[in-house]
Amino acid sequence: MCEHLSFVRTLHPMKAKNEKWLQADHKRSFSSWFKRKIETELAHPENTISQQIRWLAHEPKREVLSYSGYGISGYYYNTRDHDSRSTTQNSGVMVEAESLHMSTAKDKNPIYANMLYYGVIEDIWELNYTQFKIPVFRCKWVDNKGGVKVDENGFTLVDLNKEGDPNDQFIFASQAKQVFYVNDPNGGRWSIVITTKPKLYDRGDVCDNIEETPSFSRGLPESDNIDNEDVAYVREDCEGIYVEEDTTSRKKRKRT
């Protein structure tokens, strides 16, 4: 990737300082450049190109398999359309990626930084490279400018109606992390982001990794002021029952 960016800068010296244009051309021309480069390397008998790289350079077959659900890396995902007909939600997704950040449209000194992006899976495709297959997600991403915020309690909230760049929708399924969106109880257009951890697989049984799953209220401040007189002591070696105290029948005992 870096090698191709350097190639683009060299090929277009007048655009070398225009990072936004360079990124656009990088996305547009990388595939054809990569194919030509591998073909050139393969012309040398002593090349060290792996079989996987060779098949990648050939590009995938034109026919792709489409799924409404897909399991990978301990997560199980569904498309938005599937979720709309189900009582469960599995189409929420998050990815961390490096992107170009500009303070304004005329910013001449943009910077690269890693950011979290939140979205919903629209399609699940499996690219067939003959010798192996690569699953990808086509997602509708939330625009980080105006569509993502952190509230005073530390919760991340997103506006799922604020759509990001429609020309940058795909990610590898292996890059994704699953999230759930819960409507903000305060109302409005915002949804709270709930992160989760992969499932545990043991001898074919699937169980939630409860200990690894962050608490819903992890962003709330903790209280250091605890009144010791209100602390309840409970036995844990047997099952208990709740009994209401009958204050009406209580009598004062006389001393003898």
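Student: Which residue's side chain meets that of Arg 80 in a salt bridge?

Tutor: The partner of Arg 80 is Glu 122, at 2.9 Å from N to O. A salt bridge here is a side-chain nitrogen of Lys or Arg within 4 Å of a carboxyl oxygen of Asp or Glu. This pair links distant parts of the chain, with Arg 80 in helix α4 and Glu 122 in strand β5 (residues 111-128), 42 residues apart. Helices (H or I, at least four residues) and strands (E, at least two) are DSSP runs, numbered from the N terminus. Please note that the model is predicted: local features need pLDDT of at least 70, side-chain atom pairs count only at pLDDT 80 or more, and totals for chains, interfaces and linings use all residues. Residues are numbered from 1 along each chain as its sequence is written, and side-chain values use heavy atoms, with hydrogens and water left out.

Student: Why does Arg 80 count as partly exposed?

Tutor: Arg 80 counts as partly exposed because its relative accessibility is 34%. Buried means under 20% relative accessible area, exposed over 50%, and partly exposed in between (1.4 Å probe, protein chains only). Glu 122 is also partly exposed, at 23%.

Student: How many salt bridges does the structure hold?

Tutor: There are 7. One of them joins Asp 25 to Arg 28, with the closest N and O atoms 2.2 Å apart. These two residues are 3 apart in helix α2 (residues 19-42), and are therefore separated by about one helical turn. Asp 25 is buried at 7% relative accessible area, whereas Arg 28 is exposed at 61%.

Student: Which residues are linked with Lys 37 in a network of salt bridges?

Tutor: The network contains Glu 3 and Glu 41 along with Lys 37. Between Glu 41 and Lys 37, the N to O distance is 3.8 Å. Both lie in helix α2, 4 residues apart, about one turn of the helix.

Student: Changing topic, where is Ser 91, and is it buried or exposed?

Tutor: Ser 91 sits in the loop between α4 (80-84) and β4 (92-101). Its relative accessible area is 6%, so Ser 91 is buried. Its side chain makes a polar contact with the side chain of Asp 83 at 2.7 Å. A polar contact is a pair of N or O atoms within 3.5 Å; within protein, one must be able to donate a hydrogen and the other to accept it, and residues adjacent in sequence count only if both atoms are side-chain atoms.

Student: What about strand β11; why is it largely enclosed?

Tutor: Strand β11 (residues 191-195) is largely enclosed by the rest of the structure because 5 of its 5 residues are buried. Ser 191, Val 193 and Thr 195 cover one side, and Ile 192 and Ile 194 the other. In a regular strand the side chains alternate between the two faces of the sheet.

Student: Which strands pair with β11?

Tutor: Strand β8 (residues 156-158) pairs with β11 in the antiparallel sense over 2 bridges. Strand β10 (residues 177-183) also runs antiparallel to β11, joined by 5 bridges. Two strands pair if DSSP finds at least two bridges between them. Opposite Ser 191 stand Val 158 and Asn 183.

Student: Finally, how many disulfides are there?

Tutor: The count is 0, where a disulfide is a pair of cysteine sulfur atoms within 2.5 Å. Cys 2 is exposed at 64% relative accessible area, whereas Cys 139 is buried at 0%.
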